[in-house]
Amino acid sequence: MKRGFVVLFLTLIAAMLILSPLAGGSLSVAMQTTSTATVATTATTAPTLAPTLDSSALYLDATAPIEDRIADLLARMTIDEKIGQMVQVEKGSISPDDIRDLALGSLLSGGGGAPSGVNSAENWAKMVDGYQKYALETRLAIPLIYGVDAVHGHSNVYGATIFPHNIGLGATRDADLLERIGRATAEEMIATGIYWNFAPCVAVVQDVRWGRSYESYSENPAIVSELATAYIKGLQTDHLGAADTVIATAKHFVGDGGTAFDSSTTYNGATRYSLDQGVTEVDEATLRAIHLLPYEAAIKQGALSIMASFSSWDGLKMHAQKYLLTDVLKGELGFTGFVVSDWGGIDQISKDYYTAVVTSINAGVDMNMVPQKYPQFIKVMQQAVEKGDISVERIDDAVTRILRAKFKMGLFEHPFSDPEMLQTVGSAEHRALAREAVAKSQVLLKNEGDVLPLSADTPLIFIAGEGADNIGIQSGGWTISWQGSAGNITVGTTIREGIEQAVGANSKVIYDRLGRFRSTDETADVGIVVVSELPYAEGVGDSKTLELSTANVSLVNRVRERVKKLIVIVVSGRPLIINDQVELADAVVAAWLPGTEGAGVADVLFGKLPFTGKLSVTWMRSVDQLPVGSGTGDALFPFGFGLTTTAK
Ligand code: GLC
């Protein structure tokens with residue numbers, strides 16, 4: 001039996017046997033383990049709607065006012081059907097019949113949550129549509145809302161266009177570009193039947209030792225607000241509900257990017273995270289000015305969901321923060337969409353699962369990303385309502401918000417994938433857009449003697465570094481799998497391939513991963529060394545030193561000796577300590593995590609396009625200068641820095 005089935009089988013047995021409250025671990029990690037269980041995937045045929053369905057019901061009338069549709073449907077729902085809407089299950093843990101029998105409201109693919117078998121857009125569509133059919137067989141035929149982290153393109157799907165991660169997009173300062181990326185991402189999602197993106201992350205990163213720094217557009221809340229707004233508009237458009245639109249999620253509410261170094265109590269196996277899921281040790285004025293600002297912008301743009309943060313503020317886990325989740329977010333800011341928990345985030349509130357659930361739902365979480373043990377979440381919810389620990393009014397408020405999103409996004413009218421959109425997945429048009437984004441995100445930090453742009457006729461060019469020729473490294477985390485991985489993991493163009501395509505017939509390019517170049521004893525006119533980080537996601541990427549690996553340091557030193565002009569390109573999710581390398585190099589480029597279209601780097605290296613990128617985060621000289629604004633002395637390169645060149 002495949003591992004996936006074993007996991008699913010055991011999960012189901014465990015779920016059925018554990019009726020008492022789970023001793024939720026306060027130190028458990030949000031481990032994105034998705035099994036490979038399969039669902040009975042059939043073609044997208046019309047569902048066999050429940051015979052009891054009243055097709056004349058107001059809530060099924062797409063022309064009726066949404067608030068009337070909500071009221072009509074809510075009045076028809078049993079308490080168990082209402083609770084079902086508040087449940088989001090990870091697809092590897094679901095028994096498909098339960099979608100129908102428990103009237104579940106949502107599923108998700110966690111990082112890497114691809115269908116079993118071939119990871120293709122077509123198979124994603126079959127999987128998601130297959131689950132949707134079960135939902136539409138329920139008594140009221142309320143469609144599932146399926147969520148995914150399409151955080152830099154539909155990045156779990158093999159062959160999808162992978163855009164630069166947010167820290168690079170922040171360097172473009174180009175809102176129009178972000179809107180176009182949101183639009184392209186929505187198209188590729190809809191090809192797979194997924195209409196809910198757990199993006200944009202609107203974290204305002206303050207300490208780039210954080211493993212999620214690359215998910216943040218900037219340390220500056222105004223830049224985060226502007227670019228997130230544009231991206232949300234790209235996803236939702238101004239005609240949300242049409243079949244080409246999806247809903248956005250502003251995350252992680254609130255203060256995820258401001259946690260203190262070494263404040264986390266979350267473990268990933270034996271390793272304790274440092275900043276991720278830690279404590280945001282700022283006063284309320286600072287929290288509002290830096291971390292809350294982007295949510296005001298996201299709400300104004302009409303974001304329909306917001307994800308609670310694993311982090312804590314003022315002594316409370318955000319998933320338990322009623323003041324912020326309800327009084328501020330829903331009251332003061334007037335958010336009318338729904339709040340979804342993060343992956344098992346509710347469990348971290350208390351070792352007593354009943355207490356954790358009651359606290360979090362009453363604090364304002366509307367949907368629980370359980371994500372595995374959903375039978376006991378449902379059991380606890382039923383108990384809490386029966387005992388009055390969670391009021392029916394609170395349940396109705398949560399379900400109203402969830403239904404509002406489902407009606408506004410047109411899910412009742414178009415619950416299935418759109419096969420017409422399959423042609424957009426990894427399309428030449430989307431890849432050209434991603435390549436434009438890569439070029440605009442490159443930040444030129446040093447350009448001694450205007451060595452850049454290079455001539456396409458440079459006689460001999462050496463290229464070195466593992467990250468120079470590795471799609472997985474240049475894409476980073478949240479790519480095909482949760483953590484991402486080095487290797488030829490999906491379709492794309494490496495930086496090396498981009499350079500080889502850019503040079504003329506008279507130019508010779510030699511690539512040597514380790515920079516030894518034993519095939520010749522010549523000195524190259526130009527050496528291009530890519531130093532890089534291996535992919536990571538979330539707290540796994542928390543760093544104490546931000547130092548380059550010794551292999552990267554040695555590589556630069558080695559190639560320096562073999563070339564006349566040295567260009568160092570940094571492929572990373574954040575600024576790293578590169579003081580010595582800047583001294584050694586003639587030119588230095590921050591490439592961030594460019595995604596599948598590495599040719600965009602060559603576009604600016606060879607002057608097809610100008611360098612225009614500006615740092616959206618401070619490039620520190622030392623970790624003593626973190627978080628931003630602390631420590632002494634000047635940064636290596638200040639926020640907003642970036643040299644320019646002119647296109648040839
Ligand atoms: C993760 C992340 C969150 C993501 C969710 C679903 O743990 O914190 O950003 O959307 O789980 O994958």
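**Cavities, ligand and backbone**

Me: How many cavities of 30 Å³ or more does the structure hold?
Reply: This is a predicted model: local features need pLDDT of at least 70, side-chain atom pairs count only at pLDDT 80 or more, and totals for chains, interfaces and linings use all residues. Residues are numbered from 1 along each chain as its sequence is written, and side-chain values use heavy atoms, with hydrogens and water left out. A cavity is a set of points, on a 1 Å grid over the protein atoms alone, where a 1.4 Å probe fits but cannot get out. Cavities of 30 Å³ or more number seven.

Me: How much space lies in the largest cavity?
Reply: Grid points are joined across faces, edges and corners, and a volume is the space filled by probe spheres set on the points. For the largest cavity, that space is about 110 Å³.

Me: Which residues lining the largest cavity are closest to its centre?
Reply: Lining residues have an atom within 4 Å of a grid point. The lining of the largest cavity has 15 residues. Closest to its centre are Gln32, Asp149, Met307, Asp342 and Trp478.

Me: Where does the ligand sit?
Reply: A molecule sits in a cavity if more than half of its atoms lie within 2 Å of the grid points. The ligand sits in the largest cavity.

Me: How many charged residues are in the shell around the ligand?
Reply: In this shell, near means a heavy atom within 4 Å. The ligand has 16 residues around it, with Gln32, Asp149, Arg212, His252 and Asp342 the closest. Ala, Val, Leu, Ile, Met, Phe, Trp, Tyr, Cys and Pro count as nonpolar, Asp, Glu, Lys and Arg as charged, and the others, Gly among them, as polar. The shell has eight nonpolar and three polar residues, and its charged residues number five.

Me: What distance separates an oxygen atom of the ligand from an N or O atom in the side chain of aspartate 342?
Reply: A polar contact here is a pair of N or O atoms within 3.5 Å. Arginine 212 places a polar side-chain atom 2.8 Å from a ligand oxygen. For histidine 252 the side-chain distance is 2.7 Å. For aspartate 342 the value is 2.6 Å.

Me: How much of the ligand's accessible area does the protein cover?
Reply: Accessible areas come from the Shrake-Rupley method with a 1.4 Å probe. On its own, the ligand has 310 Å². The protein covers 100%.

Me: Which strand holds histidine 252?
Reply: A cis peptide bond joins lysine 251 and histidine 252, with omega about -5 degrees. Strands are DSSP runs (E, at least two residues), numbered from the N terminus. Histidine 252 lies within residues 249-253, strand β5.

Me: What is omega for the cis peptide bond joining leucine 452 and proline 453?
Reply: Proline 453 is in the loop between β13 (443-447) and β14 (460-464). Omega of the bond from leucine 452 to proline 453 is about 0 degrees.

Definitions and conventions:
A polar contact is a pair of N or O atoms within 3.5 Å; within protein, one must be able to donate a hydrogen and the other to accept it, and residues adjacent in sequence count only if both atoms are side-chain atoms. On a 1 Å grid over the protein atoms alone, a cavity is a set of points where a 1.4 Å probe fits but cannot get out, and a pocket is an open set with protein on both sides within 12 Å along at least five of seven lines; lining residues have an atom within 4 Å of a point. Helices (H or I, at least four residues) and strands (E, at least two) are DSSP runs, numbered from the N terminus.
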